[in-house]
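Happy to walk through this one with you.

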Amino acid sequence: MQTELSRKLGVEYAVFGFTPFPAVAAAISRAGGFGVLGAVRYTAPDDLKRDLDWIEAHVDGKPYGLDVVMPAKKVEGVTEADVEAMIPEGHRQFVKDTLAQYGVPELAEGEASGWRITGWMEQVARTQLDVAFDYPIRLLANALGSPPADVIDRAHERDVLVAALAGSARHARKHADAGIDIVVAQGYEAGGHTGEIASMVLTPEVVDAVAPLPVLAAGGIGSGQQIAAAFALGAQGVWLGSLWLTTTEAELTSPRLIEKLLAAGSGDTVRSRALTGKPARQLRTEWTDAWDDPQGPGALPMPLQGLLVADAVSRIQKYEVEPLLGTPVGQIVGRMTSERSVQAVFDDLTRGFEQAVDRVNRIAGRSEEQ
Ligand SMILES: Cc1cc2nc3c(=O)[nH]c(=O)nc-3n(C[C@H](O)[C@H](O)[C@H](O)COP(=O)(O)O)c2cc1C
């Protein structure tokens, strides 16, 4: 499973894995893919340093990358307190009432939520980059827009390839014009922030729009058959996020959440603004229903919504309040039916890929058994 891009990066499989967990990122790279650590939750540079040190010690010299979130619309010069002040009282009351309705306990004193807005601020992403550029990362990816020109230059000076996620051909073209190296075409099916175009339509559109730039197909990929389909659509690799959430290396701390993921079908997610204010695919829960209810106040725009619900989300997760408990995840959740190691997932992906290629070869009349 080699493409020009996988050869350039020196990986055995053109399978890129986005994950917020260092142990998963390292395991993906060790298995022959390319692990990409999501940095958005690292608001303290020392925490990122600690986890990159850990990856370095466990990746067996294999290449890996980092993903930051620098939104195209900047919130520079604005503090969390400024954003707090912009949240309407009615919305705060709605959060209080909803949590009270489900009897969600308070956080203990000093227990802050992990989901602050700061990870989405350019100045915070820049501190993450200051740390990351001291490590031999081979790829820097950005969600929610093209990275600024000076960041692209800084990456290129260090021989780091720059990728950006795109949900439409128009976005992809903007990234190409900005001078990035790889476009991640992320379809509607994907977990996390996502656009409105399905991968089947989006991938070839983006491939054509940015040729000869390499494109990674993302969204709805969880089997080798789907990887083969992505290559058929012109992708030079695939970018998977959801599938790793139920691997044994993932540090999801809530057993109930893992059970919910394993039980969920492909129709059990929703693209909702409940979490961040921008449409993000996640498990459908009574929490997302409350925000999506036309009778309710509705979600605020980013970054207000993220800050409004930060503590609430932490409380729901800590106390595992079943009806409200969710996570970003894509429609592929329907295929995530058992906890497996990253290596076992890879074995399954490569086996499925070979079967799909054999099948297509038979159909095309290229197989010896024909
Ligand atoms: C739990 C979770 C968190 C995510 N957070 C980010 C993020 O911080 N930055 C980013 O570029 N993409 C993020 N994504 C999107 C992934 O990078 C990827 O594009 C997506 O998961 C691919 O589709 P799939 O979920 O169908 O595999 C996230 C996805 C999930 C499931």
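Q: Is the crossing of helix 8 and helix 9 left-handed or right-handed?
A: A word on the source: this is a predicted model, where local features need pLDDT of at least 70, side-chain atom pairs count only at pLDDT 80 or more, and totals for chains, interfaces and linings use all residues. Residues are numbered from 1 along each chain as its sequence is written, and side-chain values use heavy atoms, leaving out hydrogens and water. Helices (H or I, at least four residues) and strands (E, at least two) are DSSP runs numbered from the N terminus, and a crossing is left-handed if the near helix is turned anticlockwise from the far one by less than a right angle, right-handed if clockwise. For helix 8 and helix 9, the crossing is right-handed.

Q: At roughly what angle do the axes of helix 8 and helix 9 cross?
A: Axes are lines fitted to C-alpha atoms, for helices over the stretch in contact, and angles run from 0 to 180 degrees between N-to-C directions. The axes of helix 8 (residues 169-178) and helix 9 (residues 199-210) come within 9 Å, and they cross at roughly 35°.

Q: Which residues of helix 9 do A169, A172, R173 and A176 in helix 8 meet?
A: Contact here means heavy atoms within 4.5 Å. On that basis, the four named residues of helix 8 meet L202, E205, V206, A209 and V210.

Q: Which residue's polar side-chain atom lies 2.7 Å from an oxygen atom of the ligand?
A: A polar contact is a pair of N or O atoms within 3.5 Å. In the side chain of S242, an N or O atom is 2.5 Å from a ligand oxygen, and for W239 a polar side-chain atom lies 2.9 Å from one. The 2.7 Å distance belongs to D67.

Q: How many residues surround the ligand?
A: A residue is near a molecule if one of its heavy atoms lies within 4 Å of it. The closest are D67, Q186, G220, G241 and S242, and the count of surrounding residues is 16.

Q: Which residue does a cis peptide bond join to A211?
A: Omega of this bond is about 10°.

Q: What is phi of L144 near?
A: L144 lies in the loop between strand 4 (139-143) and helix 7 (149-157). Its phi is positive, in a residue other than glycine, and is near 65°.

Key:
Polar contact = N/O pair within 3.5 Å; in protein donor to acceptor, adjacent residues only side chain to side chain.
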